[in-house]
Amino acid sequence: MTATQAPAPRDPAAPALVELDGVSKYYGNIKALENVSLEVHAGEISCVLGDNGAGKSTLIKIIAGLHRHDAGTFLIEGEEITLANPRDALDRGIATVYQDLAVVPLMPVWRNFFLGSEPTKGAGPFKRLDVRRMRETTRAELLRMGIDLRDVDQPIGTLSGGERQCVAIARAVYFGAKVLVLDEPTAALGVKQSGVVLKYVAAARDAGLGVVLITHNPHHAYLVGDRFVLLKRGAMSGSHTKDGVTLDELTRQMAGGSELDELSHELERAPSPGDPGVRPEGDETP
Amino acid sequence: MTATGQPAAPPTDERLLRTSPLRKLLGRPELGSVVGAVAVFLFFALVADSFLQASSLGTVLYAASTIGIMAAPVALLMIGGEFDLSAGVMVTSSALISSMFSYQMTANVWVGVFVSLLVTLGFGAFNGFMLTRTKLPSFIITLGTFLMLTGLNLGFTKLISGTVSTKSIGNMEGFDSARKVFASYLTIGDVEFKVTILWWAALVAIATWILIRTRFGNWIFAVGGEADAARAVGVPVIRTRIGLYLGVAFAAWVSGQHLLFSYDVVQSGEGVGNELIYIIAAVIGGCLITGGYGSAIGSAVGAIIFGMTSKGIVYAEWNPDWFKYFLGAMLLLATLLNHWVRKRAEATT
């Protein structure tokens, strides 16, 4: 356990919605994830921070049921489990919203909204989609999240990236998710759209969901997060609660801390007339 | 041609006015094929005198139905993002199995028909199972089954009957009733309509219903459009794909029984090349070759274009060698039109 600080649950009696304890995942002889611990509580946002190749995607795939963990324990509401597939995760109230995979672009918004959980009416060979309900619910649920769609029949690919994320979040909330896992929801978005998405993330939290926010942006994480887990090269390099860490400290750790100092030192010595600005990239191997 | 029959939209947003009915129409996948069908119709109406006679209608629709019966499930499969190159010879296999089983067992032909259904569904299941297990492209897997079935058709037929065609089952028990179901005529006025037209209409109606009104239809679009996203929200991707191959196999069985009961023997080398015509009909009808988009109605319009072109050339008393040229040109034009229309329709406002 490399946790620098054990996060204290708000209600010690209630088990965490999701708890990973020392979870590892190997692909052949590659350690994709080693000894990572994470807690997700209702009404809280747990942020997972890390650079490219830090193991964020692997972690998300384990929580979403796409991959099985090889070591450690995975508890959902105190019960140890191994998820069989994404359906299993969904049935246990874990909904995952992927950055690129959230929706099927050519399908209308309303078909996307209910994809995989379509309501039907009628019986036997006449069992059919309850199209009216699907359209009306989609419109109403999106409106409730503050998204006012012109036409729920438009292919979802015509929406902006932020809107697509919001539709996916609204969908998860509507289907009674207890835990919402968001994979880099703001990665491809502009400042304003990121703000919109973070607002919906906070709305989901206020609705009592536990949220796992995967990001490489400490500023976004610190805005909404309650707990922070830092990943680096597949291992956990830090774990904090909001009152145990400042934004500067988080940014510093995220950016590689001492490595960054070293890098800036090296760049300083190089007799380059270029921009001396130091960026926290390239300190990781995939 | 939309066939959506969706309930009237609930209280509409005033901004919806921006989506004009014309744009809605342009957004339909079948549009390109309907425009093409009208053009082909007008063309042959002008150049072939006998094309507009009532009796031609029955002939054209019959030619369309033999392709359309297969094109409907092939369209669904393509919307689901996969190909089936074995569909053409599977029809022949199905006819051969039915005929040879009945003949060899001296059984009622209905027994052969039933056995053929099971075995043909088995072929479909094999395609689907291989695809989902190996995760190889369906192009390769069904190319394999295409060649294997072609070989089996010829090999078994020669082994059992000594020639390339099966023995006649025309005087066997149940033949007449089976012919009624799969290959009879209905006379309306003085025009003869083959019963395959009914099978075709029923299959297109069922395929359309499945596609736009059932959960399975929603899954077909999703699996073809973005399989990973579909899987992530809990769509049973494997089950959907296998179901689609079973649909093609079922239609191959219907088509094969028609092939058998139209005569009473089956030529074992038939069917090769038809798989591409089914795909062409589906693509002319608006199916995206990459999956996720298309319609069953469109495949029917594609089949009608096929029927009109193949028979229209005969009515115009041209050399039928030109047929393939026309079919190829239609395919290119329809695909270009579809592409252009979709670009226009999806342009965000």
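The model is predicted, so local features need pLDDT of at least 70 and side-chain atom pairs count only at pLDDT 80 or more, while totals for chains, interfaces and linings use all residues. Residues are numbered from 1 along each chain as its sequence is written, and chains are lettered from A in the order in which they are written.

Let's start with α3(B), residues 54-79; helices here are DSSP runs of H or I, at least four residues long, numbered from the N terminus. After the helix comes Gly81(B), with a positive phi near 90 degrees.

Because 21 of its 26 residues are buried, α3(B) is largely enclosed by the rest of the structure; buried means 20 or more other C-beta atoms within 10 Å of a residue's own, with C-beta atoms placed from the backbone. Ala72(B), leaving aside neighbours within four places in sequence, is in contact (C-beta atoms within 7 Å) with residues including Leu203(B), Ala251(B) and Ala300(B).

Finally, look at where the chains meet: 27 residues of chain B are in contact with 28 residues of chain A. On the chain B side, α9 (215-225) and α10 (227-232) each supply at least two residues.

How values were computed: Two residues are in contact if their C-beta atoms, placed from the backbone, lie within 7 Å. A residue is buried if 20 or more other C-beta atoms lie within 10 Å of its own, exposed if 12 or fewer, and partly exposed in between; C-beta atoms are placed from the backbone.
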